[in-house]
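Please read these notes with the model open beside you.

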Amino acid sequence: MNISTIPDGAATVVNLAGRLDGEAAVQVADTLERLLREGRRSVVLDMSGVSYLSSPGTQALQQAHQDYTSARGELRVASPSPEAAEALALADLLPKLLIQPGASDTHSASGQPVEHTRDDWRVPTDLAPRGLFEVSSREPGAELACHVHGRPDAGVRGWIESTDYETFEFPEASFGLGIGALGQSRTDAGPRLGEIVAAGGAVTHLPTLGNQVPDFDLGLGGHAPKAVLVSGLICRGGFSLLQRFTSPSEAEPVPLSDLASASLDGIGKETAGIVMVAEAAGLVGAWLRRSPGTILSRMQLDVQGVRDWLGTTPQPMHQGTTVLVAGVVSRRSDDALAPRLRPVAAGSDLFGHFHAVVFTYRPVPQRTVVLRALVTRLFTQQRVRGVLHLLGDDRGAAGSGQSSFRRGLCWAGPITRVTTA
């Protein structure tokens, strides 16, 4: 089969000519997946030259249609040949994909109105050094209150006091990160203490027992998931800003420091809470291998001691995945918050604390979406591959640098109040 792609305004036309059999179905699926990864959310398949369409071909188109729909994109078919139209009709795909003659861009192939965002997207005046940014105001005046729990060295101190354990709820209007475990019992949590990320009404935990398979509570049935924390940051409130960003090219991903800086500039404050869903170009960070809740002596900070306690990324990892990131960033933080923050990158004036949940790849929609809905889809339709604390490696050429991303959505709100008790 011959496959060619041609940009056509906001859409991309893919011309298909020849037999769309089992072998060609793989080629078409790969092409459509690549276009999604490149951020091309509107694709038209010109099937006028298709002489044969078998079941693997219709299955590939069905899967691609689902992927584009999930990404708030659009995959349509134009001018199918009689052979292609018959096969698409038998697979019940023709009414879903076919562009009706004379149909306007405001309606889908089925004739139903297309959902458009009502947000006022605009390009900010002060652009980040790398990346293409658009911003949209969410809730004017929305603010976040941040609670600081426990001690900042809980992950490496080597022992945990009974008073360090506290159970927190994470409803949809909150996010958090730190060291802890799912559940409500200190006895149950102690041997499993590891990285925690909470956002969008879901909590993810990387246990330090067994094979370190990530666990999560999606908060289904209307209940707010709970986690026991020994150290962490818990933010409650609303986001005043939503950003969508895209890297200028595959060779120039957007670094975490640029995203953090753009968030602070967008809200016009010195300290912000951030939740992001993005397609990762590479993550740099660490995670606990052993629970500090079961060790009664301080960890040995030699090379072997660090390796026993911590897993690290010797170079950026998890390329080509989708991530859920939650964290706090500041240029001038509150005294209670400052001990929890570390330099985001070498030479940067930003200090932050970020944790990430890593999923198998799913394109991030570029239209406005509800955070809860997007998080739910990630957990129910993708596999959780890991959880880690994002760090900046400042060792120059010998280091791993910082985490970077291809494209995504980033919610931000000003932190106006910090509490410790």
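1. A salt bridge here is a side-chain nitrogen of Lys or Arg within 4 Å of a carboxyl oxygen of Asp or Glu. Side chains of opposite charge can pair when their charged atoms come close. The model is a predicted one, and by this rule it has 13 salt bridges.

2. Arg 34, Glu 38 and Arg 40 are joined in a network of salt bridges. Within this group, Glu 38 pairs with Arg 40, and their closest N and O atoms are 3.1 Å apart. Glu 38 has a relative accessible area of 30% and is partly exposed. Arg 40 is also partly exposed, with a relative accessible area of 30%.

3. Another salt bridge joins the side chains of Glu 33 and Arg 37, at 3.6 Å from N to O. Both residues belong to helix α1 (residues 22-37), where they are 4 residues apart, about one turn of the helix. Glu 33 is partly exposed at 37% relative accessibility, and Arg 37 is partly exposed at 30%.

4. Buried or exposed: which describes Arg 407 and Glu 279? Both are buried. Their side chains form a salt bridge, with 2.6 Å from N to O. Arg 407 sits in strand β22 (residues 404-419) and Glu 279 in strand β15 (residues 271-282), so this pair ties together parts that lie 128 residues apart in sequence.

5. How many disulfides does the structure hold? The count is 0. For Cys 146, the nearest cysteine sulfur belongs to Cys 235 and is 3.5 Å away. Cys 146 counts as buried, at 1% relative accessibility. Cys 410 likewise counts as buried, at 1% relative accessibility.

6. Now the sheet. Four strands make an open sheet in the order β1-β2-β3-β4, with mixed pairing. β1 (2-8) and β4 (74-78) are at the edges; each has a single partner strand, so one side of each is left without a neighbour in the sheet. On average, neighbouring strands of this sheet are turned by 25° against each other, direction ignored.

7. β1 pairs with strand β2 (residues 11-20) in the antiparallel sense, over 7 bridges.

8. Which helix lies across β3 and β4? Helix α3 (residues 82-90) does, and it runs at about 110° to β3 (42-53).

Technical notes. Residues are numbered from 1 along each chain as its sequence is written. This is a predicted model: local features need pLDDT of at least 70, side-chain atom pairs count only at pLDDT 80 or more; totals for chains, interfaces and linings use all residues. Side-chain values use heavy atoms; hydrogens and water are left out. A disulfide is a pair of cysteine sulfur atoms within 2.5 Å. Buried means under 20% relative accessible area, exposed over 50%, partly exposed in between (1.4 Å probe, protein chains only). Two strands pair if DSSP finds at least two bridges between them. Helices (H or I, at least four residues) and strands (E, at least two) are DSSP runs, numbered from the N terminus. Axes are lines fitted to C-alpha atoms, for helices over the stretch in contact, and angles run from 0 to 180 degrees between N-to-C directions. Contact means heavy atoms within 4.5 Å.
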